[in-house]
Amino acid sequence: MTRAARFAAAALLAATLAAPAHAADAVKIGVIYPLTGNAASAGQAAKAAVELGAEIVNTAHPGLQGLPLAEGAGLPNLGGAKIELVNVDHQGDPSVGQSQTLRLITQEHVVAMLGAYHSSVALTATAVAERYGVPFLVGDSVALNITQRGFKWVFRVTPIASDFAKSYTEFLAEMKGAGKKVDSVAVVHENTDYGTSVGGSIVEAAKKAGFAVIDIAYNAKSTDVAAQVLQLKDKQPDTVVFVGYTADEILYMKTLRDLDYMPPMIIGDDAGFSDPSFIPAVGDIAQGVMNRSAWDIGKPGSVTAEINELYKAKTGRDMDDTSGRWMQGFFVLADAINRAGSTDPAKIQKALQETELKPEQLMMGYRGVKFDASGQNTLAATYLIQLQGKEYKAVWPANWATAKLRWPMTGWKQ
Amino acid sequence: MIFLQVTLGGLLLGALYALFSSGLTLIWGMMNFINFAHGEFVMLGMYVALIVVVQVGGGPAVFGLAAAVALFLLGVLIYFSLIKQVMRGPMLAQILSTFGLALLLRYAAFWIFSPNFVTLPPTALAGTVNLGGILLSVSQLVAGIVAGALTLGMHLLLTRTAVGSQLLAVAEDRNAAMLMGIRPDRMQALAWGLSAASAGIAGALMAISFPFSPAVGETFALTAFVVVTLGGFGSVPGALLAGLMVGLIQALSAYYLGPIYKDIIVYGLFVALLWLRPQGLLGTV
Amino acid sequence: MRWGWLALAAALLLYPWLVAGTGSAAFLQDMGALALLAAIGASAWNILGGFAGQISVGHAMFFGAGAYLPLLLYQQWHLPPLLGVPLGVGVSLLLALVVGLPTFRLQGHYFSMATIAVAELIRIVVSNWDLLGAAIGLQGPAMSPHWWDLTFRSAVPYYYIFLGVLTVLLVVTWHMQRSRLGYYLRAVRAGERAARSLGVPVRRYKLYALMLSATFTSLAGSLYALKTGFIDPDSGLGILVSVQLIITAALGGAGTLLGPLLGAAILIPLQTATNTWFGGSGSGLTYIIYGAIIVLIARFEPGGLLELWRHRVAPRLGKRREGSHAA
């Protein structure tokens, strides 16, 4: 590009940036997702959720009572300013995530960042935000070390791997206490970073809780999982926890059916078990499998049900746990910007540090939002749901349950 | 008992490997050319099956045939538009050509079909059979047997028919074949068509039992390379034998050693073969 | 021709300053640094693939070694990542010897396949090796007070470091072209059997080329790791890493000195542009375009853009000039 062309481009950019000056200046938030590549469907669903969140904040929604910023239009403490999302695809590549975050901060002048799904991308992108002093809210990457680097500008709303592990072991211990036979747990996890970190956390927590643990790692995207299922059939664990993506989990369910092995209970760690294609593909043979989620559609007329209706109208399907976490992260961020009453990143950071949201103000089933010194939400939680019929129902803990837990699972048997 | 179960499962999958590798070895034998996009042919076969089932309906016979025809045409098209020309060019061009093709096909599939994993709706081949204590899913059993039969069929086509001997003639000595009045161009195009078709049918057969996405081509390509190298370049019976062996090795190592070792052993074997016996078991150098 | 070199050197040296006035300064400087990094990797591959004609599709193993060692030292033993750079080169050279010696007996497609397999094997092993971070990967320092940890806020220091390394690499390549090594490699590329029958010590010189290539590819990997601060099996050892090196070199012109740099100068902005324009809507056009470009190059102009210029465009320009003179 010649020098003249470069200046022309810069002038054009300046002009476009100057244009919206007569409206109350939009508050820009940069969002990075995997919109292409292997996680694209999760990324697209998340994008729809965050966009819906922005619509909810920017326009009046009197039906969503109790949800901060939903009932009015725009951010009241900033003169009704609207939030403008700058959506970017990081392609699952940590280097692209780094470059695009840099672009969002220095070229688009976003006041805060939201991202990223892939923990690898979250690690590099948050480092850029930290260097430039811009708040970065992690809606859903679960790797522990994202908040373990002593960063001051990174905040995470979602529960992390160790939280999931804790929920599972608490649940299993409760079942054991209620008289069910739960002495051994098999953890079947794929071996990319998701399966390794979450699987590892579960194995560790289960061992600490006194269960006999069988650790089975396998290659993601396997053509054939018969060997692993035969190993399970051989060892007869009392519960099997699956940590993997959609294709593997569907394949596992089918192989379990083919080899006629049904463990007393299966717990799926979100991901594959929550994918929209899971229930249609294997729902009829997977009756009673459990899953984790902090999202429940809830009773008709509730805030969550209405949000789900809006989401369905936008995308054609129900909201899932992962997208819900992104949306919740967005709401927390919007709330903090509003409380800061300013687009100054330092003020937003302070507002985030002071966040204290109660469970009634959330759309996800967390116990609240309050960040500790490392930026992690200490009140994050996850609950357990069970496939009964054609959908998952909340079954644990008791105070969140909307349906009765059935143990053991019935699978393909009636 | 478990041993038999594992073995049989491995052999059935191995037969599918043999089918899609037979095409690759044919091209390699005839043209000394490796098609790095071969895995994508298998993947496309799976998607053709999906499209046929969704749009037109029909069982495995229908969509299997559809995959064969569609991929045959694609193979011929690729030969005439790309391969024929790059064969005359430098090595870099030859390798780049099918690499680029692989990227193009794979990401076009991502774009058209979305990256989600999909499965075919249940076919007439659903269910399991119990053969004296060994449990096999009907679809895997049928797919494996059909694949084995087709691979043998490919071998018979090459060795017992007129067309087959023309193909082999071109493979052995292009110039001599030309002097005999055989058109090497046509034969090579035919070989590409057959190669793609066999990959396509294998894909359609696998789609019955396994979920797939545009990303699966890469793994199949590597498996095919291993099988072809083990079996010996140019040898379809070698591909059959090697395919069964690789399927067996995978299944046994996955069960007895752990799934992680499955890939390490297969690729390690591959590398060792390349270094120690590149002509494989039944190939000629 | 002298002016051409000066202009190029000036453009490269002044680029960060030239874009400093625009609204996208930081981003453009970052892109420049990434383009230089791509040029280093591609130029390193070029030594073996372009000049010697040995198409390795497994160069990711060297890139990965260079990327993993610095971050390994940092994450596991809290040492400055810079110390890992020479170690990465050492490991790469070892790999080159262990892999190169047996593999060079193979010809053409066999060689390429073997390189893919070895790189893939290494990737799988690393994916399952806890010390190396397994599938989760390794992290570098995110914000360090020490200059030697290279955690710069701006892309400009990275830019000049990369430019320095690229310059060294290009000078080395330039000397190699004119040396006995270059002479022998050209013979090998033209025809290995013929070269051997003429007395060229083929195996030894191919190995030299491989070792030189591996060294600089390893450096490219180290620089990537130092800038990005993160590495995992996919970003360091995946097959796309190897493919990217090849495409970049081939687009500009494999076997030429400046081809890889040209390729990088086109591909990196192209990649970013398609991501920015189309990425938001998620259609994944980038790799479709890549695939199409590679097929087109292979089919029509394997010598890359520089060859296209020399043989198709420049003669026409020359003719026009001649024509006006004659008139």
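Predicted model: local features only at pLDDT ≥ 70, side-chain atom pairs only at ≥ 80, totals over all residues.
Me: What makes up the contact between domain 1 and domain 2 of chain A?

Reply: Domain 1 of chain A gives 10 residues and domain 2 of chain A gives 10 residues. Two residues count as being in contact if their C-beta atoms lie within 7 Å. On the domain 1 side, α4 (119–132) and α12 (321–340) of chain A each supply at least two residues. By class, that side of domain 1 of chain A has four nonpolar, three polar and three charged residues.

Me: Now the sheet of chain A. In what order do its strands run?

Reply: The order is β2-β1-β3-β4-β5 in chain A, five strands in an open sheet with parallel pairing.

Me: What makes β2 and β5 of chain A edge strands?

Reply: β2 (83–89) and β5 (154–156) of chain A each pair on one side only. From one strand to the next, the twist averages 25°.

Me: How do you know that β1 and β3 of chain A are paired?

Reply: Two strands pair if there are at least two bridges between them. Three bridges join β1 (residues 27–33) of chain A to β3 (residues 112–115) of chain A, so the pair meets that cut-off. The two strands run parallel, and A:Val31 stands opposite A:Leu114 in β3(A).

Me: Which helices pack on this sheet, and at what angle?

Reply: Helix α2 (residues 40–58) of chain A touches β1, β2 and β3 of chain A, and its direction makes about 170° with that of β2(A). Helix α12(A) lies across β1, β2, β3 and β4 (136–138) of chain A, at about 170° to β3(A).

Me: Where do α5(B) and α6(B) meet?

Reply: B:Leu157, B:Leu158, B:Thr159 and B:Arg160 in α5(B) meet B:Gly164, B:Leu167 and B:Leu168 in α6(B). That contact has four nonpolar, two polar and one charged residues.

Me: How many residues are in contact between chain B and chain A, and which elements of chain B supply them?

Reply: 26 residues of chain B are in contact with 26 residues of chain A. On the chain B side, α1 (2–31), β2 (134–137), α10 (236–256) and α11 (259–276) each supply at least two residues. The largest share, five residues, comes from α1(B). This side of chain B divides into 16 nonpolar, nine polar and one charged residues.

Me: And what makes up the contact of chain B with chain C?

Reply: Here chain B gives 34 residues and chain C gives 33 residues. In chain B, α3 (60–86), α4 (91–113), α9 (217–231) and α11 each give two or more, and α4(B) has the largest share, 15 residues. By class, this side of chain B has 28 nonpolar, five polar and one charged residues.

Technical notes: Residues numbered from 1 in each chain as written. Chains lettered and ligands numbered in written order. Helix = DSSP H or I, 4+ residues; strand = E, 2+ residues; numbered from the N terminus. Nonpolar A, V, L, I, M, F, W, Y, C, P; charged D, E, K, R; others polar. Axes fitted to C-alpha atoms, helices over the stretch in contact; angles between N-to-C directions.
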